[in-house]
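Keep the view open as you read.

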Amino acid sequence: MEYYERLRNLREDKDLRQQDIAELLGTTQTYYSKYERGIHPIPVYHLKKLCEYYNVSADYILGLPKGLKYPE
């Protein structure tokens, strides 16, 4: 599953409209819809805000495998 599909699924699981998330991010519904369709990559500052809002990790949204090791 691609990150943009996860964005849509997270939104739909909360019964939210694209307009609701666009307002949260301070953008337009039209521009946000391009994130969900994979037309525009999502900026890091929007990704961070969505992670906080949905209470999920960026790894989850981006579809990164569990157990990745990070440098200390």
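Contact here means heavy atoms within 4.5 Å. With that in mind, find Tyr 32: not counting residues up to four places away in sequence, Tyr 32 touches Leu 7, Arg 11, Gln 18, Ile 21, Ala 22, Leu 25 and Thr 27. Before going on, please note that this is a predicted model, where local features need pLDDT of at least 70 and side-chain atom pairs count only at pLDDT 80 or more, while totals for chains, interfaces and linings use all residues. Residues are numbered from 1 along each chain as its sequence is written, and side-chain values use heavy atoms, with hydrogens and water left out.

Tyr 32 also belongs to the largest nonpolar core, which has 15 residues; Leu 7, Ile 21, Tyr 32, Ile 42, Leu 50 and Ile 61 have the most contacts inside it. Such a core is a set of buried Ala, Val, Leu, Ile, Met, Phe, Trp, Tyr and Cys residues joined through side-chain atoms within 4.5 Å. At least two residues of this core come from each of helix H1 (3-13), H2, helix H3 (29-36) and helix H4 (44-54), and H4 gives the most, with 4 residues. Helices (H or I, at least four residues) are DSSP runs, numbered from the N terminus.

Now look at Gln 18, in helix H2 (residues 18-25). Is Gln 18 buried or exposed? Gln 18 counts as buried because its relative accessibility is 18%, and buried means under 20% relative accessible area, exposed over 50%, partly exposed in between (1.4 Å probe, protein chains only).

Finally, Leu 68 lies in the segment after helix H5 (58-62) and, at 39% relative accessibility, counts as partly exposed.
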